[in-house]
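Good morning, and thank you for coming. Please look at the sequence and the structure first.

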Amino acid sequence: MNEILRFEGTTKVLRSDLAGRHLYTLGPLDLEVMRGEIFGYLGPNGAGKTITIKLMMGLLRPTSGRIVYFDGSTRIQKARQKLGFLPEQPYFYQHLTARELLAFYGHLFGLRNAALSSRVTSLVRLVGLDEHANTRLSKFSKGMLQRIGLAQALINNPDVVILDEPLSGLDPIGRSEIRDLIVKLKGEGRTVFFSSHILQDVEMICDRVAILANGKILRMAVVPDVLYGSVTSYEVLTSNAPPNLIRKLNLGMVSARGGKTVITMPPDSDLNTSLKRLIAMGVSIEAVNPLRQTLEDYFMRELKGGEGPAVKTPGPGHRMFAGTSKENGS
Ligand SMILES: Nc1ncnc2c1ncn2[C@@H]1O[C@H](COP(=O)(O)OP(=O)(O)O)[C@@H](O)[C@H]1O
Ligand SMILES: [Mg+2]
């Protein structure tokens, strides 16, 4: 994997009143997006996700620092050919059909005739709208609009797809459809960067996440490290074990649940030895469940500026950000 996009000490200061009062500062941001990954940009409303994405797309210019694209260029005009973009709450002309909308965007990228027609056909198929290709967008559900928006972002066959809150405002089915599409894009070798405030969605599909609050990145994390490198305990379910006898083994906390005996063992337990001892006593093991923190636990801890668990592997080529939200309380 190599780097496809890099923020280097990038800041954006926004002043919007006549006195030029300082209203909001994003950054300085230092982050890299690696080729082929799904990168989740996570943060509550107002954190600065959209501003970050506008900087990436060249819709805003950094106040300081820079953004480096692909092979070391800082020229967005050149990079844009390889970027696909779905804005937050996109607005499309309601009287156009799905095909017409895609053809319109294809034209902007210089596609014509057979090439345009075949790109449009393959995109409506990719997003599962082939049966509605000639339906006006005014008849589309929110989920269908989001899917055609995603197709629009792919019209130039981009290497990197940047999606601003692609999952918000959708029902569970709509969300799972978009999630599946994002995973499909990764399967095609594309890089996906998307913002979200919905933790579960990020948890399910991202390789890495950055957590943003008040314009600062609190932490970058490799999702499997957060989820799988963080067993908080093991629950061993046994069927025919008298709790009193088990307690004497000192393997962990022993309790009864629904007719079973549950032993909760610490995360650093020697599971093999403990299980062998139980089996030697004639105990029947029904299940061993590793209990893990979810990204939600992690996120809440980070946002509170509390003692988040250290992320062991910072992931390919990026720095760890250890700031807390307190640094940013102005
Ligand atoms: N043009 C602007 N001028 C001043 N402040 C802005 C402007 N655009 C956005 N903001 C403020 O910047 C902050 C971050 O906005 P945004 O990036 O849209 O957040 P997010 O997408 O994470 O919800 C918000 O507090 C917002 O009110
Ligand atoms: Mg936003």
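Let me begin with burial: a residue is buried if 20 or more other C-beta atoms, placed from the backbone, lie within 10 Å of its own, exposed if 12 or fewer do, and partly exposed in between. This is a predicted model, in which local features need pLDDT of at least 70 and side-chain atom pairs count only at pLDDT 80 or more, while totals for chains, interfaces and linings use all residues. Residues are numbered from 1 along each chain as its sequence is written, and chains are lettered from A and ligands numbered from 1 in the order in which they are written.

I also need the naming of elements: helices (H or I, at least four residues) and strands (E, at least two) are DSSP runs, numbered from the N terminus.

The opening example is Leu18, which sits in the loop between β1 (3–15) and β2 (22–34). Is Leu18 buried or exposed? Leu18 is exposed, because 6 other C-beta atoms lie within 10 Å. From Leu18 to Leu29 is 11 residues in sequence, yet the two C-alpha atoms are 27 Å apart in space.

Strand β2 also holds Pro28. The peptide bond that leads from Gly27 to Pro28 is cis, with omega near 5 degrees. As background, most residues other than glycine have a negative phi, and most peptide bonds are trans.

Two asparagines have a positive phi. Asn113, in helix α4, has phi near 50 degrees. Asn113 counts as exposed, because it has 7 C-beta neighbours inside 10 Å. Asn250 belongs to the loop between α9 (243–247) and β11 (253–257), and its phi is positive at about 60 degrees. Asn250 too is exposed, since 8 other C-beta atoms lie within 10 Å.

Now to Glu203, in helix α7 (residues 199–205). Glu203 has 19 C-beta neighbours inside 10 Å and so counts as partly exposed. For contacts, the criterion is that the C-beta atoms of two residues, placed from the backbone, lie within 7 Å. Which residues does Glu203 contact, leaving aside its neighbours within four places in sequence? They are Val223, Leu227, Thr294 and Leu295. The C-alpha atoms of Glu203 and Val226 are separated by 9.5 Å, although the residues are 23 apart along the chain.

I turn next to helix packing. Two packed helices are described by the angle between their axes and the distance between the axes. Here the axes are lines fitted to C-alpha atoms, for helices over the stretch in contact, and angles run from 0 to 180 degrees between N-to-C directions. Angles under 35 degrees count as roughly parallel, over 145 as roughly antiparallel, 65 to 115 as roughly perpendicular and the rest as oblique.

Helix α3 (residues 98–108) packs on helix α5 (residues 142–153) at about 25 degrees, with the axes 9 Å apart. The two helices are therefore roughly parallel. From α3, Ala98, Leu101, Leu102 and Tyr105 make the contact, and from α5, Ile148, Ala151 and Gln152. By class, that contact has 6 nonpolar residues, 1 polar and no charged (Ala, Val, Leu, Ile, Met, Phe, Trp, Tyr, Cys and Pro count as nonpolar, Asp, Glu, Lys and Arg as charged, and the others, Gly among them, as polar).

Between α3 and helix α4 (residues 113–126) the angle is about 130 degrees and the axes are 10 Å apart. These two helices are therefore oblique to each other. Ala98, Arg99, Leu102, Ala103 and Gly106 of α3 meet Leu116, Arg119, Val120, Leu123 and Val124 of α4. This contact divides into 7 nonpolar, 1 polar and 2 charged residues.

Helix α5 also packs with helix α6 (residues 172–187), at about 15 degrees and with axes 9 Å apart. That angle makes α5 roughly parallel to α6. Lys142, Gly143, Gln146, Arg147 and Leu150 of α5 meet Ile173, Gly174, Glu177, Ile178 and Leu181 of α6. The residues there are 4 nonpolar, 3 polar and 3 charged.

Finally, the whole chain. It contains 11 helices and 13 strands, and 36% of its 330 residues count as buried. The domain assignment, from an automatic or database source, gives domain 1 (3–227 + 297–328) and domain 2 (232–292). The C-alpha centres of these domains lie 44 Å apart.
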